[in-house]
Amino acid sequence: MPLRKGRIHDSGALCVPADAAAQRALHPRTCARLRDAGAARRPTDSPLARRYTIRMLEKLPEVIGQALQGVRAGLDNIVFNTLGMREGLGSIELASMAFADHAPLPQRCTADGEGVSPPLQWSGLPVGTTSLLLIVEDADSPTPNPLVHAIVVDLEPQSGALAEGAIPSQGNEGAEGLHVGRNSALQAAWLPPDPPPGHGVHRYAFQLFALASRPEFSETPGRDEVVDGLREHAVASGLLVGTHERSDGLIRIPDAVPPGGSAIAG
């Protein structure tokens, strides 16, 4: 099916069917919203615009999800692979008791379940590690850059693990004292995986970095700030990939959205 690209705020390029018959299969309002998004001339830093963009990804009908199957951010664009410092960087063993590498995430850790963050554990940190940084990205979001699902900075190396639900999420306060950054919904929280229906399997990259010194991050650092800190201080990294797919066409609608929250996907 022919596709044409349209700019969709700061979440990147979104493709919509150029075929008129395929467009008629969509609700008229859906077509109008996709066209309006494509008409945006440049990215914006507006929190409202970002949340609107992510809600649109969730509301894409299955026919669009199927058409966008080849449109993905890609593993090459996750932080782990774009720091430009892979040569000589040490390796961390990152694992989870809840899922194996490149295996499906438990449903309870996704938007189709309770939406809690999965447990993680690590080993093999280099001598002199002062803190750890975790970032979780969706390598298969239909955007130029991966969507960020969680950021945690200033993790204590000696802890060796994050328990299930340690990162706050809707209905879950998370672990006390955790320094959580902003996800792609501009929330200091775990963004449960919720890929567009029909888009295929999404890979969620859990990336852990060891830092030789402790940078002073802001109260809720975002991806750009985190990457700047990693370029200067990271000495080792570990990668664990979990997957999730929503192929049944069912779009989850939360019973309630907390103040300042939004229905989100990715």
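Q: In E10, which residue is the bridge partner of valine 153?
A: The bridge partner of valine 153 in E10 is histidine 179. E10 consists of residues 179–180, and E8 pairs with E10 in the antiparallel sense over two bridges, where strands count as paired if DSSP finds at least two bridges between them. Helices (H or I, at least four residues) and strands (E, at least two) are DSSP runs, numbered from the N terminus.

Q: And what am I looking at, before I read too much into it?
A: This is a predicted model, in which local features need pLDDT of at least 70 and side-chain atom pairs count only at pLDDT 80 or more, while totals for chains, interfaces and linings use all residues. Residues are numbered from 1 along each chain as its sequence is written, and side-chain values use heavy atoms, with hydrogens and water left out.

Q: OK, back to E8. How many bridges does E8 make with E7?
A: E7 and E8 are joined antiparallel over six bridges, and within that pairing leucine 134 stands opposite valine 152 in E8.

Q: Is E8 mostly covered or mostly open?
A: E8 is mostly covered, since eight of its nine residues are buried; here buried means under 20% relative accessible area, exposed over 50%, and partly exposed in between, with a 1.4 Å probe and protein chains only. Aspartate 154 lies in strand E8 and is partly exposed, at a relative accessible area of 22%.

Q: What's the phi of aspartate 154?
A: The phi of aspartate 154 is near 60°, a positive value in a residue other than glycine. Most residues other than glycine have a negative phi. Histidine 102 also has a positive phi, near 65°; this histidine 102 sits in the loop between E4 and strand E5 (103–104) and is partly exposed, with a relative accessible area of 47%.

Q: Switching topic: which residues touch the most other members in the largest nonpolar core?
A: That core has 23 residues, and those with the most contacts to other members are Leu94, Trp122, Leu134, Leu155, Ile167, Phe206 and Leu208. A nonpolar core is a set of buried Ala, Val, Leu, Ile, Met, Phe, Trp, Tyr and Cys residues joined through side-chain atoms within 4.5 Å.

Q: Which strands each supply at least two residues of this core?
A: They are E6 (120–123), E7 (131–138), E8 (147–155), E11 (202–211) and E12 (234–244), and E11 gives the most, with four residues. Apart from this core lies another one of 18 residues, including Leu83, Val148, Val153 and Ala234.

Q: And what is tryptophan 122 in contact with, leaving aside neighbours within four places in sequence?
A: With those neighbours left aside, the contacts of tryptophan 122 include Ile92, Leu94, Leu132, Leu155, Pro157 and Leu208, where contact means heavy atoms within 4.5 Å.

Q: In what order do the three strands of the open sheet come?
A: The order is E4-E6-E9, with antiparallel pairing. E4 (93–95) and E9 (161–162) stand at the edges with a single partner strand each, so one side of each is left without a neighbour in the sheet. Three bridges join E4 to E6, and glutamate 93 has serine 123 in E6 as its bridge partner.

Q: How many aromatic pairs are there?
A: The count comes to two aromatic pairs, under a rule in which rings of Phe, Tyr and Trp (its six-membered ring) pair if their centres lie within 6.5 Å, with planes under 30 degrees apart counted as stacked, over 60 as edge-to-face and the rest as tilted. Phenylalanine 99 and phenylalanine 206 have ring centres 5.5 Å apart and planes at 45°, so this pair is tilted. The pair links distant parts of the chain, 107 residues apart, with phenylalanine 99 in the loop between E4 and E5 and phenylalanine 206 in strand E11. Phenylalanine 99 is buried at a relative accessible area of 5%, and phenylalanine 206 is buried at 1%.

Q: What about tryptophan 190 and phenylalanine 206?
A: Tryptophan 190 and phenylalanine 206 form a stacked pair, 6.0 Å centre to centre with 25° between the planes. Tryptophan 190 lies in the loop between E10 and E11 and phenylalanine 206 in strand E11, so the pair ties together parts that are 16 residues apart in sequence. Tryptophan 190 is buried too, at 3% relative accessibility, and Phe99, Trp190 and Phe206 form one aromatic cluster.
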